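Trainee: I have a model open and want to learn to read its packing. Where do we start?

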Amino acid sequence: MADPARTSSGSIDVLPPHLIDQIAAGEVIERPASVVKELIENAIDAAATQIDVEIEGAGSKQMRVVDNGVGMTPADVVLAIQRHATSKIRSLDDLSSIMTFGFRGEALAAVGSVSHLEIVSRPRGVEAALLKFWEGGVPIEERTLGAPTGTAVTVRHLFYNTPARREYLRAPTTESKRLIETVTDFACVHHRIGFTLTVDGKPLLRLAPADTMRPRLVDLFGTKTAEALIDFSGGDAELGVSGFAGKPELARTTRDRILIYVNSRRVGSPSIAHAATAAYGETIPRGRFPFAIVCVNVNPRRVDVNVHPTKREVRFASGRAIYDLTHYSINKSIFASSRTAPVMSLDNGEGAGPAGAGHTFPGTAMPRPPSAVGTAPERDAALRLAMPTPHVERGGEGATADAESSPVSQFTPQAAVADGVSNLWQFNDVYIAAVVGDELWIIDQHTAHERIQYEALLKRMDERSADSQQLLFPESIELEPQVWPVFEESQELLVALGFQVREFGARTVLLEGVPVGLRVKNPVTLFRRVVEDIEIARKAGEDLRKAAAMSTACRSSVMAGDRLKPAEMQALFSGLMHTENPFSCPHGRPTMVKIPIADFDRRFCRK
Ligand code: ADP
Ligand code: MG
């Protein structure tokens, strides 16, 4: 039963405005870092190019944010701290195209209601600045004074009138850490804005404005880390993803270096974080997470930032597309940056490896037995996947020191060696193995075939030398209404690939031939799949020519589970060796790994 003393007395009163603000403040202002976040957002919204942040006493004593933005007239300063006072939206319609950080008009009101607030502001063209003080939202004093254009907001004694909030604060070091992170979160993507951060009188950050993000990353994370960051991008103006993906060696045990931004707003998104992690495939071990900065740029109409008062969460109209685009863009750049075959080591980690970790099974110091090669992924984690190790063929012609810096030129002598290899064998109906020089090479038959076909198809398209294999019985295919325009648009590409296809009445096409030399089990399915894939690529803003070749290659390649004849294995092996990039399929999955025979010797105690 309810405690009678706690039940309502029956008469209804409207709460006084100050109490309303204090209650609302609980939602927006949780801790000192929330104040600094709101103040920096206001400065950025005011088009500042320089933002200086000062913090004292982990934010409890004082926080000040000074900007050189547009400033406020005296009348605006008075309005600014009123609840629901904003210059950023005028109608509900504006909300769907909002590009500013603020729009709810409640941050300053909330901050003011739980602190001693001081604002000094001067807009361009006005001679003097207005300085105004409030205590708990109640105006105390104001005067004019000389000041540069822009705004300086100072917040003292946060939560002085809400003891419960104050109690709830964590240790000063924790609050300070959050404050610093808040500043660096903004500084990371707002590279054109200069930032300084001073903590208890000591300058902690001094970030000069930069035209691109990279110098800012050097300032924030150090040269060494910044060098291991690879940029990626994909998509279009409607929906784009770009950012920096750390090489696998930067992987860490927590997700706290996966920074996600949506239209320059730092957000939490388990789905995008998952996409970023998954994009690394097996290049980082399970339970580790990449260093990645993911910036999603999306038409504001397709994202709802008004899900939560602090706007830390957002809701997308096209979450799946963002997931796919993030995954694809990061995956592509990670694998493109490693144009060498991964060297799989059988060592138990005594030797130094880039990841510094030779994985053994938990609770045992026993290394994995070599029979684990190419089996279940969790067991693969036991094998260190050291990538990308430049590997120079011993004794191969042209294996010069200079070859180390160019994985492609280094590969040429390998191709020559590979041509002489004849002892190939298939296992699991998936992998082809061969001893090449002093290494055991293992090739994934599907990704390898994909790579070969992809390059061949691209070449045909470039040289306009498409050739078709006539179908004995032309097939008429009815396309769904929404697929029809995709077909019309991509007809030229399809013909360039070698599809013989023409319109045949309303929404129907006649397929008379498919590209020559492919493994086509069902020409109609192949055709439909390729059209579908082109549509997906078009939505993601990818190169359609490449996407069409990639799709055709993928859909007509040898599959896992196909048993191969020796001649087929031979063709696959040497075909792969003569491609331009033999080490990954067009989607970025590896085509081969190498294991040095010396590793076996060590394992069998021969050395
Ligand atoms: P919101 O940002 O949601 O509009 P705020 O309470 O944060 O709400 O700010 C209220 C208004 O005060 C803003 O709309 C803006 O007009 C003005 N303002 C606040 N901070 C600044 C600043 N640093 N420079 C210029 N104007 C500001
Ligand atoms: Mg604001």
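Mentor: Start with a cut-off: angles under 35 degrees count as roughly parallel. Keep in mind that this model is predicted.

Trainee: How are two packed helices described?

Mentor: Two numbers do it: the angle between the axes and the distance between them. Take helix H2 (residues 32–45) and helix H7 (residues 172–189), which pack at about 20° with axes 8 Å apart. H2 and H7 are therefore roughly parallel to each other. The crossing of H2 past H7 is right-handed.

Trainee: Which residues of H2 and H7 make the contact?

Mentor: From H2, Pro32, Ala33, Val36, Lys37, Ile40, Glu41 and Ile44. From H7, Glu175, Arg178, Leu179, Thr182, Val183 and Phe186. By class, the residues of this contact of H2 with H7 are eight nonpolar, four charged and one polar.

Trainee: Now a single residue. Is Ser333 buried or exposed?

Mentor: Buried means under 20% relative accessible area. Ser333 has 11%, so Ser333 is buried. Ser333 sits in helix H11 (residues 319–336). Setting aside neighbours within four places in sequence, Ser333 is in contact with Ile230, Asp231 and Phe232.

Trainee: And sheets? How do strands pair?

Mentor: Through backbone hydrogen bonds, either parallel or antiparallel. Here, an open sheet of three strands runs in the order S21-S23-S22, with antiparallel pairing. Strands S21 (468–478) and S22 (500–503) are the edges, each pairing on one side only. From one strand to the next, the twist averages 15°.

Trainee: How many bridges join S22 to S23?

Mentor: Four bridges join S22 to strand S23 (residues 508–515), and the two run antiparallel. Look at Val501: it stands opposite Leu511 in S23.

Key
Residues are numbered from 1 along each chain as its sequence is written. Chains are lettered from A and ligands numbered from 1 in the order in which they are written. This is a predicted model: local features need pLDDT of at least 70, side-chain atom pairs count only at pLDDT 80 or more; totals for chains, interfaces and linings use all residues. Side-chain values use heavy atoms; hydrogens and water are left out. Axes are lines fitted to C-alpha atoms, for helices over the stretch in contact, and angles run from 0 to 180 degrees between N-to-C directions. Angles under 35 degrees count as roughly parallel, over 145 as roughly antiparallel, 65 to 115 as roughly perpendicular and the rest as oblique. A crossing is left-handed if the near helix is turned anticlockwise from the far one by less than a right angle, and right-handed if clockwise. Contact means heavy atoms within 4.5 Å. Ala, Val, Leu, Ile, Met, Phe, Trp, Tyr, Cys and Pro count as nonpolar, Asp, Glu, Lys and Arg as charged, and the others, Gly among them, as polar. Buried means under 20% relative accessible area, exposed over 50%, partly exposed in between (1.4 Å probe, protein chains only). Two strands pair if DSSP finds at least two bridges between them.
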